[in-house]
Amino acid sequence: MFPPGNFCRGFVKKFWVLSFRLIVMHELSLAQSMVSELVSYIEKNNVKKVHQVTIVIGKLSGAEKEPFEFAFPIAAEGTLLETAELVVEIQKVVILCNECRSETTLDMPLMKCPSCSSRSVKIIKGKEFIIKSMEIE
Amino acid sequence: MCKDCGCQEGNEKKFFGHDRDIHNHDNHHHDHSHEHGHFHDGHWHSHDSDHEHNHPEGHHQHDHSHDNHIHGDSKTVMMEKNILAKNDEYAHQNKHWLKDRGIVAVNIISSPGSGKTTLLEKTLDALKDKINCSVIVGDQSTDNDAKRLMGKCDCVYQIETKSSCHLDAKQISEILPQVVNDNTKLLFIENVGNLICPAAFELGEDFKIVLLSSTEGEDKPVKYPVIFSDASVAIITKTDLIPHLDWDIKKCRNYIRQVNPGMYIFELSSKTGEGMNSWLEYLAKLVE
C-alpha cells in the first residue's frame, strides 16, 4: 500500500531540499565569500541600505547562476544584504587568436579560432567572478 | 553545480524551502523576501506581507519591470571586486611563502576514483631518497588517504573539509609551516575528489594537474571545461584497463586539446608502471 498523500508530499519535499543543499554547497561558500566582501565595504562606508547587487559570472568561472541565486539569501541572512536584489550577468567566453588577432565569443569553450582555425588562442573573457556594482543608500 | 560530489543533475523540477513567502514557478520554487516596496510604472508595489503568487516562466520572471525603482537617496557604486578576493590573498601569500623556500607546489584535481592517491603512492615510492616531498590531502571525511601515504615522504597532512567540497587557500596557509621542512622540494596537494569546486579556489600552487581515468567518459574535458582549461597538465590514468574497455584514448586527447590546446598530457598506469617514467622525469625537472 502507498503511504497517504500528505506523507508522500512531505517526503518528496524533504528529499528535494536535501538534494539541493548538496548541489549549492559550492555556490554557498562562494556566496559567503561575496557577502563577507560586501559586508566589509558596507561597514567601512556606513551604508544604510542595499537595494541591489550586480555580479558577473563568467562561463569559465566555476560558478553557476541558479544555485548562486539560491545560495545568496542564505549567505546574506542577518546582514544588510538580506533584502537586496541580486542581479547576475553572465559573461560568455571570449578568445583572442594569437595568429590572426581576431576576437570571438564562444558558446562552447572550444579553444579554436573560427576565423583561421588556429589553436593558438588566449581566453580574454569568461573567467570573471566579480561584484560589479551595488545600489546603496 | 557539484555534479561530482554525487549531486543530482538535470532535475527539471526543484523545490526550495521558504521561510517567509512562497513563489510558485512552473520550473521551480525558491525563496526570497522583498521587505521593500517598489514603484512600477507609476504604482506602488509592496512585497511586505506573506503572499503566494504564480510565475508562468521559471526563474525570477515578473510581469513587471525592475528597471525604474525609486529608492530615495540611493546611488550605484561600481565595485569591480573579485568575489574570491580573500581566498586569492591567502593564495598569493602561500605562493610567495613557498617560492621563498624554493618549493614547487602542485594542486592535483580529479573526480573521485580517478586514481589520485594511487598515483601519489607510486610517485612517492619512486621519488623516495631522490626528491624530498610533502603531501596535503583533502577529503570530506576520514584520514584514509593520509594513512596510505604515511611513511612515503617527509610529511603527510590530512585536511577533512567536512561540509565543504574543496580545499581553500586559508586552510593551506594554516598548516604550511607544519607540512614542509627545510629540505622539502615538492609539495603535492591532493584536492577533494571533485572537478568543479576546486577549480575556483586557488591555493597558491605553481600549477594544477587534472587526472582523468580510462573508466570515465572520453568527453569529460568538454563536460568540465573550467578545470581542463585552467590546469597545465592532464594525466590519463588506468591505461592498463583500456584494452578491456570500449574507450578511445585518441578521442580523449582530442577533447583535451579542444579545451586546452597547450595542455601537457601524460598517459600512465600507476598499477603496472607503464608511462610512469616520463611523469617522474617531468617531476625531477620541475625541482632542478
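Helix 1 of chain B covers residues 85–100, and its 16 residues at 1.5 Å a residue should span 22 Å, which agrees with the 22 Å between its end C-alpha atoms. Keep in mind that this is a predicted model.

Let's look around that helix. Asn87(B), Tyr90(B), Ala91(B), Asn94(B) and Leu98(B) are its buried residues. They cover an arc of only 100° around the axis, so they sit on the same side of helix 1 of chain B. An α-helix has 3.6 residues a turn, so residues three or four places apart point the same way. The face turned away from the buried side of helix 1 carries exposed residues, His96(B) and Asp100(B). After helix 1 of chain B comes Gly102(B), with a positive phi near 65°.

What do the buried residues of helix 1 of chain B pack against? The partners come from chain A as well as chain B:

| Partner element | Chain | Residues |
|---|---|---|
| Helix 2 | A | 25–44 |
| Strand 7 | B | 104–109 |
| Helix 4 | B | 169–179 |
| Strand 10 | B | 186–190 |

Strand 12 (residues 233–237) of chain B runs parallel to strand 13 of chain B, and four bridges join them; Val233(B) has Tyr264(B) as its bridge partner.

Now for chain B as a whole: its secondary structure comprises nine helices and 13 strands, and 40% of its 288 residues count as buried.

Key
Residues numbered from 1 in each chain as written. Chains lettered and ligands numbered in written order. Predicted model: local features only at pLDDT ≥ 70, side-chain atom pairs only at ≥ 80, totals over all residues. Pairing = 2+ DSSP bridges. Helix = DSSP H or I, 4+ residues; strand = E, 2+ residues; numbered from the N terminus. Buried ≥ 20, exposed ≤ 12 C-beta atoms within 10 Å, placed from the backbone. Expected span 1.5 Å × (residues − 1). Arc of directions from axis to C-beta. Contact = placed C-beta atoms within 7 Å.
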